[in-house]
Amino acid sequence: MKHFLLTIFLAVAAATQAQVTAEKAFTVAPDEVMLLLGPSVRLDMLDYFHAGSTKQSANATGGRCRIVDEKPYSLTVQASDSTVYQIFVLNPMEERPVLGVIETVATPVRDSVMRLYNYRWEPLSKSPFTPPSLRTWLIDDSKDATAAAEAQIPFMLAEYAYNPDSAILTLTPTVDRYFSPGDRPDALANIRKQLNYYWNGKNFKLLDR
């Protein structure tokens, strides 16, 4: 079934010179991209959302799932109590658009990973986005300040969101929530409130901070 849907999706995209929507991409995404949501479940979710129903579907583990927001080129799904997917389309009017998935997991602090694919849902051989290093997050990125941050913050946690209207990918740090109130390192004060990346049609470029 999923191979049939993907074939139809690609044929329609080619016939209409792309016009790939987030809804279409969500419908035919391979199971390995949407581990919690099978093809039939996704169709049910869309039906409920378009009908204005608050009814939720059951994901692969028996948990509840629902669509929470839909735009032509972005769709956000609550896939489980702790997992959110955002599916979006880059260069939707081109013959070969790029498909993106942001997976945000709360374990318990929310943290995101972004994966990018070609219009056939194949991983891109070269990613147009490089996740920021800890130093990129720092307001003061001098040698001493960077060393202090690296010693006090073992890893970064951040929540991602893409806005198709502005072509801006926003990264919001959540690492401060990882620490208990009495265990917060001083270096957290040196972490920027946000990082913004602009999609220029080929790559995500970090905007001036």
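Let me begin with Asp69 and Lys71, whose side chains meet in a salt bridge at 3.0 Å, N to O; by that term I mean a side-chain nitrogen of Lys or Arg within 4 Å of a carboxyl oxygen of Asp or Glu. Asp69 has 28% relative accessibility and Lys71 has 33%. Both count as partly exposed, where buried means under 20% relative accessible area, exposed over 50%, and partly exposed in between, with a 1.4 Å probe and protein chains only.

A word on the source: this is a predicted model, in which local features need pLDDT of at least 70, side-chain atom pairs count only at pLDDT 80 or more, and totals for chains, interfaces and linings use all residues. Residues are numbered from 1 along each chain as its sequence is written, and side-chain values use heavy atoms, leaving out hydrogens and water.

The count of salt bridges comes to five. Another of them joins Arg115 to Glu103, with the closest N and O atoms 3.0 Å apart. Arg115 lies in strand E6 and Glu103 in strand E5, so the pair ties together parts twelve residues apart in sequence. Strands here are DSSP runs of at least two residues, numbered from the N terminus.

Now to strand E4, residues 83–90. Why is E4 described as largely enclosed by the rest of the structure? Because eight of its eight residues are buried. E4 pairs with E3 in the antiparallel sense over five bridges, pairing requiring at least two DSSP bridges between two strands. Eight bridges join E4 to E5, also antiparallel, and there Val89 has Leu99 as its bridge partner.

Conventions: Helix = DSSP H or I, 4+ residues; strand = E, 2+ residues; numbered from the N terminus.
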